[in-house]
Amino acid sequence: MGPLEEVLRQVVGFVYPNEVELHWGLLIVVYPYVTGLVAGAFILASLVRVFNVRELHPTYRLSLLTALAYLIVAPLPLLTHLGHPERSFEIFITPNLNSAMAMFGFVYAWYLMVVLLLEIWFDYRKDLVLWSQHERRLRRWLHRALTLGATDLSPRALHFDQSAGRFITIIGIPSAFLLHGYVGFIFGSVKANPWWSSVLMPIVFLFSAIVSGIALLLVLYLLGTLLRSKPVDMICMDKLAMFLFYALVLDFSLELLDFIHRLYEAEESIHILSELVSGRLFLSLVVLQALLGTLLPLLLLGLLSPALRSRGLVTLPDELRRLLYVGSAVLIQIGIFSTRWNVVIGGQLFSKSLRGLTVYKMQLLGPEGLFVASLLLLLPLLLLLVLIAVLPPWPEAEEHPAAA
Amino acid sequence: MNESDVNTQAPLDGKEISEERRAFLRSCALAASTLLFVGQGEAAEAPYNPREHNYAMGVDVDRCIGCGRCVEACKAENDVPREPFYFRTWVERYMVNVRGETVVDSPQGGIAGFPTAASEKGMLRTFFVPKLCNQCANPPCVQVCPVGATFSTEDGVVLVDSDYCIGCRYCIQACPYGARYLDPRTHTADKCTFCYHRVVKSLLPACVEVCPTGARVFGDLRQRSSPLARFTRLTKIQALKPHLNTEPKVYYANLDGEVR
């Protein structure tokens with residue numbers, strides 16, 4: 001018996017015959033998850049650069065590199081998913097301008113080329129020049145090449161770096177919103193699908209992106225600091241946790257608004273969607289996304305929030321606070337991944353006839369299976385390691401004793 | 001030749017016709033047949049002009065007996081994969097009981113007909129509904145295709161260029177009717193074409209051709225005398241999911257409110 005025959009046996013109620021098979025699988029879950037991390041990491045960096053949140057400075061460069069690592073991987077799940085990846089260039093050559101998806105290439109190219117690479121380059125240029133002066137062999141040549149020949153370290157040139165970087169970040173914020181808001185629009189604009197079709201979708205995507213980006217950076221910063229045996233900057237950690245809490249409150253409010261709005265309107269799709277949420281999505285939506293991924297971290301971060309801490313209501317030693325922060329951040333990551341799952345997979349589990357439910361059979365191997373998806377989730381972290389090796393984002397790398 | 005000439009020639013007996021006259025008549029006949037032939041030739045060679053047509057289909061729900069011959073004919077005509085998951089057209093059976101509950105089924109798309117219902121007790125009404133691509137005038141699938149591989153033809157049919165489709169499956173998500181699938185052999189989107197290869201040769205779509213009860217009516221909305229025009233004139237028609245503003249061009253007569 002083939003996999004689809006097996007699915008057919010598990011169909012409940014009536015689904016259109018062509019709906020037995022799910023068309024967007026695990027890779028399309030990975031895609032919005034990854035782009036969300038890009039946007040979130042970049043928004044965090046812009047908090048430092050544009051909004052002058054000095055406490056977060058230790059995470060600034062790490063955020064940029066993280067955004068870049070995830071952005072490089074972002075198109076891979078899409079490419080792997082395509083029936084004809086070799087034809088993907090047609091999106092650039094003959095885009096259908098009415099299609100939201102056709103805009104992907106342009107939004108992506110804009111974000112990668114104009115925003116992220118330029119900002120990283122302007123930010124690192126001075127250090128690249130200084131590093132290349134004191135290094136040897138490969139690193140010297142690599143860093144010299146990365147300066148692109150712009151080795152002027154005069155105050156005027158450095159000032160230009162600063163203002164250019166700031167200007168690009170200002171452009172970058174709406175661009176990051178565009179990148180992930182656009183991914184939300186891809187789903188939110190499908191009028192055929194009542195689970196997706198919502199004007200709130202791009203906004204919910206955005207705030208969940210910010211939440212996931214900050215949570216990831218919190219873990220990466222702590223890991224990077226501990227692995228380098230450096231003292232953890234608790235002021236930075238507290239600030240990260242605070243922003244994470246605020247973003248999570250906003251994200252949760254929006255999700256709740258969406259939920260209440262659907263329930264109150266109770267359109268014809270409400271019956272099948274209720275069945276979906278209480279049945280096939282119970283674990284991933286109610287347990288993972290809502291309880292473990294949102295409410296529990298909200299409670300933890302709320303208890304640890306500066307509002308309570310400054311009044312001496314909840315005082316915990318740094319180590320324990322750190323642990324709770326990381327615990328919350330990990331729970332949030334699981335929650336956000338579940339959110340993506342619930343949108344992408346959940347939206348295809350019910351029939352557009354609103355009369356039945358099908359099931360998703362995840363492959364283990366194969367181009368769209370668990371193995372490839374895990375690889376694509378691991379790849380940005382490996383890339384980040386390479387980027388960190390080439391462009392150290394840590395404060396000590398910015399000290400140039402010989403130059404001083 | 002004026003009328004008096006004709007009158008004078010009319011009473012002539014065949015025996016009296018001269019050789020000259022025979023030759024004249026022969027050449028006339030030749031000229032006429034040549035003209036006829038040339039005329040026919042011109043008609044056959046006239047290029048098909050898609051702008052002169054706007055194809056659509058009518059489905060009379062009350063006439064469908066759920067035999068599934070349309071599904072079989074479609075699979076055969078269009079080389080649709082045989083597995084029971086891929087359909088350009090299928091038939092649904094609706095069974096509404098006295099409590100107002102509706103059970104819908106479409107075993108293997110109804111290709112082999114339907115098993116008899118276990119019991120007719122408590123059954124309020126039952127009926128069959130043939131489904132296919134609605135060839136929407138405002139098609140969401142065309143809107144979302146990132147490369148324009150799926151497009152509306154000038155004669156009102158939505159087609160897929162399988163040499164151009166990248167297999168992203170956004171069109172499948174965008175179709176409210178479940179009319180699209182990914183062909184497992186070509187990895188490109190596929191759907192009903194109204195048997196475009198047949199209709200441009202003035203043939204009927206395969207499903208219409210084989211329907212034993214005339215439940216499906218195919219025609220050209222631009223022709224006021226077509227069977228479809230008559231269908232839309234004489235019956236109250238409805239389209240599926242009109243609130244989505246897709247402007248479907250498959251018109252249903254006697255459609256029940258339970259059908260989505």
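**Figure 1. Strand E1 of chain B and its partners in a predicted model.** Strand E11 (residues 250-253) of chain B runs parallel to E1(B), and 4 bridges join the two; strands here are DSSP runs (E, at least two residues) and helices are DSSP runs (H or I, at least four residues), numbered from the N terminus. Two strands are paired if DSSP finds at least two bridges between them. This is a predicted model, in which local features need pLDDT of at least 70 and side-chain atom pairs count only at pLDDT 80 or more, while totals for chains, interfaces and linings use all residues. Residues are numbered from 1 along each chain as its sequence is written, and chains are lettered from A and ligands numbered from 1 in the order in which they are written. Along E11(B), Tyr252(B) stands opposite Val59(B), and Val250(B) stands opposite Met57(B). With strand E9 (residues 216-220) of chain B, E1(B) runs antiparallel over 5 bridges; there Phe218(B) is the bridge partner of Met57(B).

**Figure 2. Side-chain directions and sheet order around E1(B).** Tyr55(B), Met57(B) and Val59(B) point one way from E1(B), whereas Ala56(B), Gly58(B) and Asp60(B) point the other way. In strand E1 (residues 55-60) of chain B, 6 of the 6 residues are buried, so the strand is largely enclosed by the rest of the structure. A residue is buried if 20 or more other C-beta atoms, placed from the backbone, lie within 10 Å of its own; it is exposed if 12 or fewer do, and partly exposed in between. The open sheet has 4 strands in the order E9-E1-E11-E10 (chain B), and its pairing is mixed. E9 and strand E10 (237-238) of chain B are the edge strands, each pairing on one side only. Helix H8 (residues 227-234) of chain B lies across E1, E9, E10 and E11 of chain B and runs at about 115° to E9(B). Axes are lines fitted to C-alpha atoms, for helices over the stretch in contact, and angles run from 0 to 180 degrees between N-to-C directions.

**Figure 3. The three-stranded sheet of chain B.** An open sheet of 3 strands has the order E3-E2-E4 (chain B) with antiparallel pairing. Strand E3 (102-105) and strand E4 (123-132) of chain B stand at the edges with a single partner strand each, so one side of each has no neighbour in the sheet. From one strand to the next, the twist averages 20°. Strand E2 (residues 89-97) of chain B pairs with E3(B) over 4 bridges in the antiparallel sense, and Val104(B) in E3(B) stands opposite Tyr94(B). Helix H3 (residues 69-78) of chain B packs on the sheet, touching E2 and E4 of chain B, and its direction makes about 160° with that of E2(B). Residues touch, or are in contact, if their C-beta atoms, placed from the backbone, lie within 7 Å.

**Figure 4. Leu182(B) and contacts between the chains.** Strand E7 (residues 181-183) of chain B contains Leu182(B). This leucine, Leu182(B), counts as buried because it has 21 C-beta neighbours inside 10 Å. Leaving aside residues up to four places away in sequence, Leu182(B) touches His23(A) and Gly83(A), as well as Gly167(B), Arg169(B), Ile172(B), His187(B) and Ala189(B). In total, 33 residues of chain A are in contact with 36 residues of chain B. The side of chain A that touches chain B has 15 nonpolar, 11 polar and 7 charged residues. Here Ala, Val, Leu, Ile, Met, Phe, Trp, Tyr, Cys and Pro count as nonpolar, Asp, Glu, Lys and Arg as charged, and the others, Gly among them, as polar.

Figure 5. The largest nonpolar core has 173 residues, of which Val38(A), Ile214(A), Leu218(A) and Leu244(A) touch the most other members. Helix H2 (residues 26-49) of chain A gives the most to this core, with 18 residues. Such a core is a set of buried Ala, Val, Leu, Ile, Met, Phe, Trp, Tyr and Cys residues joined through C-beta atoms within 7 Å. Beyond residues up to four places away in sequence, Val38(A) touches Ala67(A), Tyr70(A), Leu71(A), Ala74(A) and Leu179(A). Of the 27 residues of H9(A), 20 are buried, so the helix is largely enclosed by the rest of the structure. Ser229(A), with a positive phi near 55°, follows H9(A).

How values were computed: Two residues are in contact if their C-beta atoms, placed from the backbone, lie within 7 Å.
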